[in-house]
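Here are a few notes to read with the model open beside you.

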Amino acid sequence: MSYLDAYRERVSPNGASMKDAIQNTSKRQAINYIMDSPTLTHIRLNYNVDSTPVIASDKELFHKRTYLFLPDTKVNVGDYIHQTDNTTYLAVDQKKDEIYPQLIGELCNETFLFITEGVRTIIGYDDFKRPIYRQVGAKMLNIPCVMTTKVPSMIDNSAIPLPEGAMIVKIPYVVDQIPPVNYVFKYQDKLNYKVTNISFENVINGVGYVEIRLQRGTGES
């Protein structure tokens with residue numbers, strides 16, 4: 001490599017390395033592409049108040065969408081994507097790319113009601129001097145979730161129904177918001193579903209989402 005070639009590789013016209021200059025040019029082009037796109041829209045990530053510009057496109061009809069973000073936007077599997085039409089998607093996959101970061105979202109079609117355990121605390125005594133307890137600090141959480149009674153086929157793109165009475169719920173991984181096995185979830189205020197298994201295979205370094213398998217109980221309550 002000649003001295004001139006070495007110099008060109010080390011320094012660009014704007015004072016950065018040639019590699020950085022090319023990358024910065026690519027990022028500017030990506031920004032212009034997204035911001036000038038006729039399909040530009042804005043979403044909110046998780047519980048942020050500020051909106052984020054994206055290009056959204058259907059991947060599998062309306063239930064699965066691809067979101068293309070501006071360069072260097074911090075996004076993760078397990079993020080909520082809130083659209084302006086009040087629909088919410090859960091990011092179940094991503095493409096890690098500094099120039100074109102992308103998320104694949106699945107439509108949150110239900111709400112998972114999770115009541116956290118509180119601390120059993122004595123709040124008084126009855127007439128026989130027996131302690132009266134109350135669960136203090138328990139929370140009722142309405143968690144947007146992806147609920148399904150089917151799983152994708154390993155052979156083709158079709159979906160295979162789960163056994164009768166079974167369903168899977170996907171929610172973001174949050175340490176104190178994961179129900180334990182045997183937790184009972186009341187669906188549509190009448191059907192009881194019990195948690196039978198929780199899969200953490202989509203959680204990496206504490207970030208991602210969990211799949212909760214549930215089985216319907218007998219009768220209504």
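1. L40 stands opposite I55 of strand β2. Strand β1 (residues 40–45) and strand β2 (residues 52–60) run antiparallel and are joined by four bridges. Strands here are DSSP runs (E, at least two residues) and helices are runs of H or I with at least four residues, numbered from the N terminus; two strands pair if DSSP finds at least two bridges between them.

2. A word on the source: this is a predicted model, where local features need pLDDT of at least 70 and side-chain atom pairs count only at pLDDT 80 or more, while totals for chains, interfaces and linings use all residues. Residues are numbered from 1 along each chain as its sequence is written, and side-chain values use heavy atoms, with hydrogens and water left out.

3. Six strands make a closed barrel in the order β1-β2-β3-β6-β5-β4, with antiparallel pairing. On average, neighbouring strands of this sheet are turned by 45 degrees against each other, direction ignored. Helix α2 (residues 18–35) packs on the sheet and touches β1, β2 and β3 (64–69); its direction makes about 70 degrees with that of β2. Contact means heavy atoms within 4.5 Å, and axes are lines fitted to C-alpha atoms, for helices over the stretch in contact, with angles from 0 to 180 degrees between N-to-C directions.

4. Where is Q83? Q83 is in the loop between β4 (80–82) and β5 (88–95). Q83 counts as buried because its relative accessibility is 12%; buried means under 20% relative accessible area, exposed over 50%, and partly exposed in between (1.4 Å probe, protein chains only). Not counting residues up to four places away in sequence, Q83 touches I43, R65, Y67 and Y89.

5. How many salt bridges does a search of the whole structure find? There are five, a salt bridge being a side-chain nitrogen of Lys or Arg within 4 Å of a carboxyl oxygen of Asp or Glu. In one of them, E106 meets K64 at 3.7 Å, N to O. E106 lies in strand β6 (residues 102–107) and K64 in strand β3, so this pair ties together parts that are 42 residues apart in sequence. Both residues, E106 and K64, are buried.

6. E106 also meets K170 in a salt bridge, at 3.1 Å, N to O. Because K170 lies in strand β13 (residues 166–172) and E106 in β6, the pair ties together parts 64 residues apart in sequence. K170 is buried, as is E106.

7. D126 forms a salt bridge with R130, their closest N and O atoms being 2.9 Å apart. D126 counts as partly exposed at 26% relative accessibility, and R130 counts as partly exposed at 49%. Salt bridges that share partners join K64, E106 and K170 into one network.
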